[in-house]
Amino acid sequence: MRDWCSFCRKRAKPRQRRPALRVLPKARRAAVSLVFLGEVGLRKGVDLLIEALALLARRTQEWTCVVAGNGEVARFKSMAGELGVASMVQFTGWIDAEEVHRLSRESVVVVLPSPMNASPRRMAFARSATVG
């Protein structure tokens, strides 16, 4: 066994010193922007959206959400406050078509929280806003 160890030591290349690793600061990511466009109410799943945003807020505060549409705006604005996400969720009320297109283009995520209303037409509309 000793012969083998001494043989390996003689044949081994000397260790090269590795340069010290520099720890670079994490790149600052821009806040992710989400948008919901539609009737603000239970039927469209806005309650699910606000609950999901509250869960997201536990992990990161690097996001904003615009909820655009008419309906039960006061109810869900209150819910956002109760769940601690009111500062990150903006309720605009009804907006015109030009503003809808602008928000769709500028947002990273178009949210469709309704389990019954994620129609291909709505998805195509959201996608068309990003196509040049």
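L34 stands opposite C65 in β2. Strands count as paired if DSSP finds at least two bridges between them. Helices (H or I, at least four residues) and strands (E, at least two) are DSSP runs, numbered from the N terminus.

This is a predicted model, in which local features need pLDDT of at least 70 and side-chain atom pairs count only at pLDDT 80 or more, while totals for chains, interfaces and linings use all residues. Residues are numbered from 1 along each chain as its sequence is written, and side-chain values use heavy atoms, with hydrogens and water left out.

Now the whole sheet. It is open, has four strands in the order β3-β2-β1-β4, and pairs in parallel. β3 (89–93) and β4 (109–111) stand at the edges with a single partner strand each, so one side of each has no neighbour in the sheet. From one strand to the next, the twist averages 20°.

Helices come next. α2 (residues 46–59) lies across β1, β2, β3 and β4, at about 170° to β2. α4 (residues 97–106) lies across β1, β2 and β4, at about 145° to β1. Axes are lines fitted to C-alpha atoms, for helices over the stretch in contact, and angles run from 0 to 180 degrees between N-to-C directions. Contact means heavy atoms within 4.5 Å.

Which residues of α4 are buried? They are V100, L103 and S104. They cover an arc of only 100° around the axis, so they sit on the same side of α4. That arc is taken from the directions from the helix axis to the C-beta atoms. The face turned away from the buried side carries the exposed residues E98 and E106. Buried is under 20% relative accessible area, exposed is over 50%, and partly exposed is in between (1.4 Å probe, protein chains only).

Next, the packing. A nonpolar core is a set of buried Ala, Val, Leu, Ile, Met, Phe, Trp, Tyr and Cys residues joined through side-chain atoms within 4.5 Å. The largest has 21 residues, and I50, W63, C65, V67, V85, V89 and F91 touch the most other members. α2 gives the largest share of this core, six residues. Leaving aside neighbours within four places in sequence, V67 contacts F36, V40, L49, V89, Q90, F91, T92 and G93.
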